[in-house]
Amino acid sequence: MIEKRKLVIVGAGFVGMSAAYSFVNQGGIEEIVLIDIDTEKTKGEAMDLSHGLPYAPQKIEIKAGDYDECKDANIVVITAGLNQKPGQSRLELTVANAKIVKEITENIMKSGFDGVIVVASNPVDIMSYVVSKVSGLPTNRVIGSGTVLDTARLRYLLGEYLQVASKNINAYILGEHGDSSLVPWEHCYVGCKKILDIMKDNNYPIEDLKEIHDKVWKSAYEIIEKKRATYYGIGMALTRIVKAILNDENSILTVSTYLENQYGQDGLYIGVPTIINRNGVKQLLNLDLEKGEQEKLNKSCSIIKDIIKNDIDPIITQK
């Protein structure tokens with residue numbers, strides 16, 4: 001079993017600190033180290049979080065640090081990078097963030113780190129690929145936040161629509177964490193009943209499901225337009241992933257995972273249902289998709305592969 005529960009968060013911006021705040025409130029971690037290029041801000045964030053510990057569920061050591069702290073960490077979470085601006089797609093951040101994430105990964109590995117890296121920097125599928133290639137870690141020990149947040153948004157909206165607790169909705173978003181995602185509706189359930197059957201039995205328009213999915217992928221743009229950034233939801237999503245690893249849960253989450261001939265794809269990271277435990281990825285769940293859904297996933301993968309070939313691989317191999 002894991003002897004020490006130590007987490008390093010690289011990036012003390014909105015996402016990194018929302019994740020840290022979520023970890024402190026939910027517990028299960030003994031030490032949190034914050035790393036950021038703005039060292040004074042990072043020290044202030046550590047102080048601010050520490051002052052709330054008398055009301056936290058457990059004792060946690062929180063401090064600002066440097067990359068040498070990664071050596072004995074169980075998990076490093078990377079949230080650093082440029083933020084998505086209003087009207088900007090996640091993919092438009094690719095080249096700039098790839099360079100940032102490459103340097104961060106090199107610094108992590110110089111420490112002798114040998115745990116699991118969780119990537120949240122956008123575009124997350126491509127940044128997960130960068131971390132995997134640069135770190136040299138086994139692919140099961142590099143995962144991205146993928147469509148875990150998208151899936152949470154889907155379950156929330158379906159819960160509101162169907163008037164059912166979102167925790168009882170087993171629906172998943174696959175593909176890119178972005179505009180080309182998809183929902184395999186045939187594999188979505190409320191409790192033990194298919195959502196498609198519930199729609200039919202209640203005479204709900206099936207078109208409403210498409211509207212709900214559209215709201216999911218558009219919601220990030222709407223939030224960014226209204227408050228400049230999204231961070232609470234992803235902060236809680238990162239907590240969920242980290243706890244699944246630390247607690248050796250074997251939980252199913254739609255993380256960004258390296259495909260090796262699953263779903264007819266190979267050589268890239270993308271969001272698919274995955275069993276997560278202390279080693280990161282234990283196993284991918286390879287769903288049988290309908291023709292239209294498989295075509296959407298193929299398109300999603302094609303977009304990512306083109307960017308990797310044209311923009312990312314040259315950055316990774318650059319000395």
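Helices and strands here are DSSP runs numbered from the N terminus, with H or I runs of at least four residues for helices and E runs of at least two for strands. Before going on, note that this is a predicted model, where local features need pLDDT of at least 70, side-chain atom pairs count only at pLDDT 80 or more, and totals for chains, interfaces and linings use all residues. Residues are numbered from 1 along each chain as its sequence is written, and side-chain values use heavy atoms, with hydrogens and water left out.

Is serine 181 buried or exposed? Serine 181 is buried, because its relative accessible area is 6%; buried means under 20%, exposed over 50%, and partly exposed in between, using a 1.4 Å probe and protein chains only. Its side chain makes a polar contact of 3.1 Å with the side chain of histidine 213. A polar contact is a pair of N or O atoms within 3.5 Å; within protein, one must be able to donate a hydrogen and the other to accept it, and residues adjacent in sequence count only if both atoms are side-chain atoms. Setting aside neighbours within four places in sequence, serine 181 is in contact with Ile173, Leu174, Glu176, His213 and Trp217, where contact means heavy atoms within 4.5 Å.

Glutamate 176 is in the loop between strand E7 (169-170) and strand E8 (189-190). With 6% relative accessibility, glutamate 176 counts as buried. Its side chain and that of serine 180 are joined by a polar contact of 2.5 Å.

Next, a helix pair. The axes of helix H5 (residues 148-162) and helix H7 (residues 207-227) come within 10 Å and cross at roughly 130°. So H5 is oblique to H7. For reference, axes are lines fitted to C-alpha atoms, for helices over the stretch in contact, and angles run from 0 to 180 degrees between N-to-C directions. Under 35 degrees counts as roughly parallel, over 145 as roughly antiparallel, 65 to 115 as roughly perpendicular, and the rest as oblique.

Which residues meet between H5 and H7? On the H5 side they are Asp150, Arg153, Leu154, Leu157, Leu158 and Tyr161, and on the H7 side Asp208, Leu209, Ile212, Lys215, Val216, Ser219, Ala220 and Ile223. The residues of this contact divide into nine nonpolar, one polar and four charged. Here Ala, Val, Leu, Ile, Met, Phe, Trp, Tyr, Cys and Pro count as nonpolar, Asp, Glu, Lys and Arg as charged, and the others, Gly among them, as polar.

Now some backbone details. Most residues other than glycine have a negative phi, and most peptide bonds are trans. Asparagine 203, not a glycine, has a positive phi of about 60°. Asparagine 203 sits in the loop between helix H6 (195-201) and H7, and is exposed at 70% relative accessible area. Asparagine 250 also has a positive phi of about 60° without being a glycine. Its place is the loop between helix H8 (232-246) and strand E10 (251-253), and at 36% relative accessible area asparagine 250 is partly exposed.

As for peptide bonds, asparagine 122 and proline 123 are joined by a cis one, with omega about -5°. Proline 123 lies in the loop between strand E5 (116-119) and helix H4 (124-135).
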